[in-house]
Amino acid sequence: MSIELRDRERLILDRLSSEGSVSVGELARDLGLSEVTIRGDLKGLEDKGWINRKWGGAAAAIHRNILERQKVFPERKNAIAKAAAKLVEDGDVIMIEAGTTTALIARYLAEKRDIHIVTNSTLVFSYARMYPHLQITMTGGEFRRSTESLVGPIALETIERLNVRLAFVGTDGFSLERGMTTHLMEGAEIVKAMKAHAHTTILVADSSKYGKTGFANVLPLSAMNIILTDNDLENNAEKDLLEAGIKINKA
């Protein structure tokens with residue numbers, strides 16, 4: 001039985017995630033396909049910004065840490081991103097912070113019109129550039145490969161000059177006690193800046209992050225207008241959040 005294209009793309013990315021690079025010949029042999037077919041797959045992945053083709057094979061264009069994170073609860077992340085995109089209206093100006101879940105939002109804006117995205121995420125850029133009706137403003141700043149993000153004074157200065165209706169932000173962990181936390185202190189400053197320049201700020205995070213704590217504090221959960229998560233949030237956690245007056249939307 002033949003392997004569908006999307007399944008092949010996922011297999012190729014999994015190989016690159018674990019090995020860093022792979023040859024056309026190895027992929028053709030392992031997947032039982034011709035080298036011509038594999039080269040076509042690699043071209044498609046390169047066009048999407050996932051890989052860099054090289055002589056005889058390909059290498060991952062995205063940091064291995066990101067590729068690994070993308071494989072964790074992909075169904076949850078896509079459901080959350082799809083629900084987030086439904087909150088965006090035609091003509092909106094929005095901010096999207098760097099993260100594997102937040103970046104997926106751009107993939108679900110294909111049916112929207114006249115959307116302007118401000119982002120510090122190169123992942124968002126790789127998705128959004130596929131849709132000519134999406135206008136993109138990159139913040140600039142110092143590039144952090146492990147998070148595919150732009151941070152630092154230049155990124156903050158760009159955000160502080162702008163005002164948007166919606167800001168979508170992520171987190172490495174969240175709880176009532178600790179609020180939102182992250183492993184990257186510079187990322188915390190980006191979230192705070194986006195919150196300060198958005199009418200509505202939405203935390204998008206899958207339920208596995210509840211109760212986890214990152215290195216740096218970001219903001220209390222009460223600073224978020226909405227927490228958008230999945231249906232697997234524990235009942236006790238949901239009860240506590242609601243009793244604290246925090247609005248929860250489930251994908």
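User: Hi! Which residues of α3 are buried?

Analyst: Hi there! The buried residues of α3 are Ile 38, Asp 41, Leu 42 and Leu 45. Buried means under 20% relative accessible area, with exposed over 50% and partly exposed in between (1.4 Å probe, protein chains only). Before we go on, this is a predicted model, where local features need pLDDT of at least 70 and side-chain atom pairs count only at pLDDT 80 or more, while totals for chains, interfaces and linings use all residues. Residues are numbered from 1 along each chain as its sequence is written, and side-chain values use heavy atoms, leaving out hydrogens and water.

User: New topic: which residues touch the most other members of the largest nonpolar core?

Analyst: That core has 39 residues, and Leu 42, Ile 51, Ile 94, Leu 109, Ile 117 and Phe 168 touch the most other members. A nonpolar core is a set of buried Ala, Val, Leu, Ile, Met, Phe, Trp, Tyr and Cys residues joined through side-chain atoms within 4.5 Å. Apart from that core lies another one of 30 residues, among them Met 95, Ile 190, Ala 193 and Leu 233.

User: What is Ile 94 in contact with?

Analyst: Leaving aside neighbours within four places in sequence, its contacts include Val 88, Leu 109, Ile 117, Val 164 and Phe 168. Contact means heavy atoms within 4.5 Å.

User: Let's look at strands. Why is β12 largely enclosed?

Analyst: Strand β12 (residues 198-204) is largely enclosed by the rest of the structure because six of its seven residues are buried.

User: Which strand do five bridges join to β12?

Analyst: That's β9 (residues 164-169), which runs parallel to β12. Val 164 stands opposite Ala 198 there. β12 also pairs in the parallel sense with β14 (residues 226-229), over three bridges, and Ile 202 has Ile 226 as its bridge partner in β14. Two strands pair if DSSP finds at least two bridges between them.

User: And which way do the residues of β14 point?

Analyst: Ile 226 and Leu 228 point one way, Ile 227 and Thr 229 the other way, and all are buried. Three bridges also join β14 to β15 (residues 248-250), running parallel. Leu 228 has Asn 249 as its bridge partner in β15.

User: What order do the strands take in the open sheet of three?

Analyst: The order is β10-β11-β13, with antiparallel pairing. β10 (173-175) and β13 (216-217) stand at the edges with a single partner strand each, so one side of each is left without a neighbour in the sheet.

User: Last one: how much of the protein is buried?

Analyst: Buried residues make up 47% of the 251 residues. The C-alpha trace spans about 55 × 40 × 35 Å along its principal axes.

Conventions:
Helices (H or I, at least four residues) and strands (E, at least two) are DSSP runs, numbered from the N terminus.
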